[in-house]
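Please keep the sequence and the structure in view while reading.

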Amino acid sequence: MVVSSVGDFYDALAADYHLIFPDWDASMARQAAALDGLVRARLGAGPHRVLDCSCGIGTQALGLAGVGHRVVGGDLSPAAVARATAEAASRGVELPVAVADMRALPYRATAFDVVVCADNSLPHLLTADDVRTALVGMRRVLRDDGLLVLSVRDYDEIRAARPTSTSPQVSTTAQGRVITFQLWHWHDDGERYDLEHFQVIPAEGGGWEVRVRRTAYWALTRGELSAAVADAGFAEVSWHDPADSGFYQPVLTARRVP
Ligand SMILES: C[S@@+](CC[C@H](N)C(=O)[O-])C[C@H]1O[C@@H](n2cnc3c(N)ncnc32)[C@H](O)[C@@H]1O
């Protein structure tokens, strides 16, 4: 099976997305604790009105709702949104979710205290215009002094090393062990890459089924992303390393200035 394009990629991955994590529920809890810590340190305990504008199947949105915030989710992928809705219902968590492109957020101005865009979602936008449109839109839906929380891969290191693959992640399921890894194909500009996402899944009869999905990323460095965020009307742009935040990726926080 081969799938391409961002929406198709995540539609095809939605049912298997949790298999990226050795234990999805444990990851949700860890990520929510780390993000909640960053939010509390800047806005107080809340509860806060949070938009997760690339919620996927709900890894951050479900956890943040679970610790008491009033969370709304949006995502480009209808299948991911459907799964997030089902996961919220099965956990008794209130999480309204809609299919929405982060470049055209269908929410009223100043509706949220916090906008989350986590786990390398923004780098799916491949042009400076698209990144700016998305960031300006996130600013629009934040109240004055509201907080942007953005997490990305550590592209400063990655751009220097230009790796061509990721290490295999192994998760244990009822059918046996599932192996996930990626192959990366760098563009000539040295900044963007096409990604092939492999999942190797136990098949009946002792064999393996290989699922391959394709998408692309723009490996924005911290400096480039900070400049884009400031240019879109945010202040207090700062980066939080995993060792400090407890989140597994570098996290950028910034305030909407009036
Ligand atoms: C790596 S996944 C992370 C999902 C979720 N935050 C998580 O950690 O489980 C990236 C997500 O960004 C979403 N995405 C990509 N481009 C988008 C866009 N233009 N607008 C909204 N969502 C988008 C994808 O559909 C996908 O769900």
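The model is predicted: local features need pLDDT of at least 70 and side-chain atom pairs count only at pLDDT 80 or more, whereas totals for chains, interfaces and linings use all residues. Residues are numbered from 1 along each chain as its sequence is written.

**Domains.** The protein chain is divided into two domains, with bounds that come from an automatic or database domain assignment.

| Domain | Residues |
|---|---|
| Domain 1 | 17-156 + 219-256 |
| Domain 2 | 157-218 |

The centres of the two domains, taken over C-alpha atoms, are separated by 23 Å. In contact with 16 residues of domain 2 are 15 residues of domain 1; two residues are in contact if their C-beta atoms, placed from the backbone, lie within 7 Å. On the side of domain 1 that touches domain 2 there are 10 nonpolar, 2 polar and 3 charged residues. Here Ala, Val, Leu, Ile, Met, Phe, Trp, Tyr, Cys and Pro count as nonpolar, Asp, Glu, Lys and Arg as charged, and the others, Gly among them, as polar.

**Core.** A nonpolar core is a set of buried Ala, Val, Leu, Ile, Met, Phe, Trp, Tyr and Cys residues joined through C-beta atoms within 7 Å. A residue is buried if 20 or more other C-beta atoms lie within 10 Å of its own, exposed if 12 or fewer, and partly exposed in between. The largest nonpolar core has 67 residues, and Leu35, Ala84, Val115, Cys117, Met138, Leu148 and Val149 touch the most other members. Helix α2 (residues 24-43) gives the largest share, 6 residues. Because domain 1 and domain 2 both give residues to this core, it lies between them.

**Helix α5.** Helices (H or I, at least four residues) and strands (E, at least two) are DSSP runs, numbered from the N terminus. The buried residues of α5 include Val131, Leu135 and Met138. Among the elements that cover the buried residues of α5 are β2 (49-52) and β5 (112-117).

**Ile201.** Ile201 lies in strand β9 (residues 192-202). Ile201 is partly exposed, because 17 other C-beta atoms lie within 10 Å. Apart from neighbours within four places in sequence, Ile201 is in contact with Val178, Trp208, Glu209 and Arg211.

**Ligand.** Around the ligand are 20 residues, of which Ser54, Gly56, Thr59, Asp119 and Ser121 come nearest; a residue is near a molecule if its C-beta atom, placed from the backbone, lies within 6 Å of it. Helices α1 (6-13) and α3 (59-66) each give two or more residues to this shell.
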